Amino acid sequence: MSSSNKIFFGDNLRVLESLPSNSVNLIYIDPPFNTGRRQVRISMSVDRDDQGDRKGFGGYKYLTKVLGKLSFDDIYDDYLAFLEPRLREAHRVLTANGALYFHIDYREVHYCKILLDSIFGRDNFLNEIIWAYDYGGRSKRKWPTKHDNILYYVKDRNNYVFNADEIDRLPYMAPSLVGGDKAKLGKLPTDVWWQTIVSPTGKEKTGYPTQKPLAILERIIRASSCPGDIVLDFFAGSGTTGVAAHKLGRSFILVDNNEEAIRVMRSRFRDVPVEFITLEDYKYEDKAV
Ligand SMILES: C[S@@+](CC[C@H](N)C(=O)[O-])C[C@H]1O[C@@H](n2cnc3c(N)ncnc32)[C@H](O)[C@@H]1O
């Protein structure tokens with residue numbers, strides 16, 4: 001079935017490369033931390049030498065010497081090397097007034113911020129949203145970590161969508177102090193969002209381990225896109241972004257390279273028109289979730 005909603009099973013870099021430039025209004029991603037790939041970086045010196053092994057600039061010969069191999073445990077370099085081409089593609093496929101929300105944990109956020117600044121431009125960084133929750137055990141050896149970070153970038157800070165009037169409102173802490181209509185309307189959320197995690201026993205739960213709350217995605221999609229727009233999540237997991245987009249009248253493109261995620265999404269979108277596309281080299285086996 002052909003539909004404007006699409007779910008791809010395969011590597012997201014290949015899918016991104018196949019999407020036209022300026023075609024997606026909003027991107028939300030929640031990449032996994034450890035990609036499981038390890039890189040070996042070889043450092044070399046290249047000097048002009050008549051006995052050299054390479055011909056180079058000006059027709060001169062150059063001698064290359066391997067100075068050392070760094071099989072780096074520096075997992076951050078590995079991770080950023082994985083993310084960088086995907087984020088460059090994300091920037092390319094966004095419309096001129098598009099936005100990216102990048103969800104990450106407190107240990108990686110600083111490295112990712114520097115990478116994203118270099119791709120989107122520092123001026124186009126608008127917010128670091130703190131998603132605060134209050135669930136699970138509490139360490140007694142440091143401050144219990146109970147938040148995730150969401151970096152919000154736009155392609156152009158002079159031209160972007162931000163529908164302040166569409167955003168869900170929160171009750172004032174002291175409504176009697178603001179009074180009347182203002183109290184009834186509630187207040188706009190700030191860059192700190194209190195939202196409980198997907199309850200392991202609640203009805204929102206799909207069983208996918210890293211599933212994010214629908215309420216977070218709904219808030220992002222309401223604020224940063226319009227009905228009829230296209231929302232992309234290329235680390236889709238259980239498809240939360242697609243569920244929120246569909247509910248709010250947007251189309252979606254989702255990508256995941258894990259068969260289990262595709263199974264969960266097939267079940268989650270069983271009543272929604274979606275075109276499922278499996279990339280070459282991937283094989284989907286239908287099993288119950
Ligand atoms: C943290 S989960 C996303 C969870 C999602 N936000 C949700 O609410 O369910 C990250 C997802 O990225 C997928 N992934 C990792 N590397 C990928 C790649 N190269 N291409 C496509 N998907 C990838 C994983 O399979 C995983 O499902």
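Let's start with Phe82, which sits in helix α2, residues 75-93. Helices here are DSSP runs of H or I of at least four residues, strands are E runs of at least two, and both are numbered from the N terminus. This is a predicted model, where local features need pLDDT of at least 70, side-chain atom pairs count only at pLDDT 80 or more, and totals for chains, interfaces and linings use all residues. Residues are numbered from 1 along each chain as its sequence is written.

Back to Phe82. The cut-offs: buried is 20 or more, exposed is 12 or fewer, partly exposed is in between, with C-beta atoms placed from the backbone. Leu13 is 69 residues away along the chain, yet the two C-alpha atoms are 9.6 Å apart.

Next, helix α7, residues 240-247. It is largely enclosed by the rest of the structure, because 7 of its 8 residues are buried. Among them are Thr240, Gly242 and His246. The cover includes β2 (24-29), α6 (214-224), β10 (230-233), β11 (251-256) and α8 (259-268). Just after α7, Gly249 has a positive phi of about 80°.

Now the ligand. Which residues come nearest? Of the 18 around it, they are Phe235, Gly237, Ser238, Thr240 and Asn258.

Last, confidence. pLDDT is the predictor's confidence in each residue, from 0 to 100. The protein's mean is 90, and 88% of residues reach 70 or more. Residues 35-41 stay under 50.

Definitions and conventions:
Buried ≥ 20, exposed ≤ 12 C-beta atoms within 10 Å, placed from the backbone. Contact = placed C-beta atoms within 7 Å. Near = placed C-beta within 6 Å.
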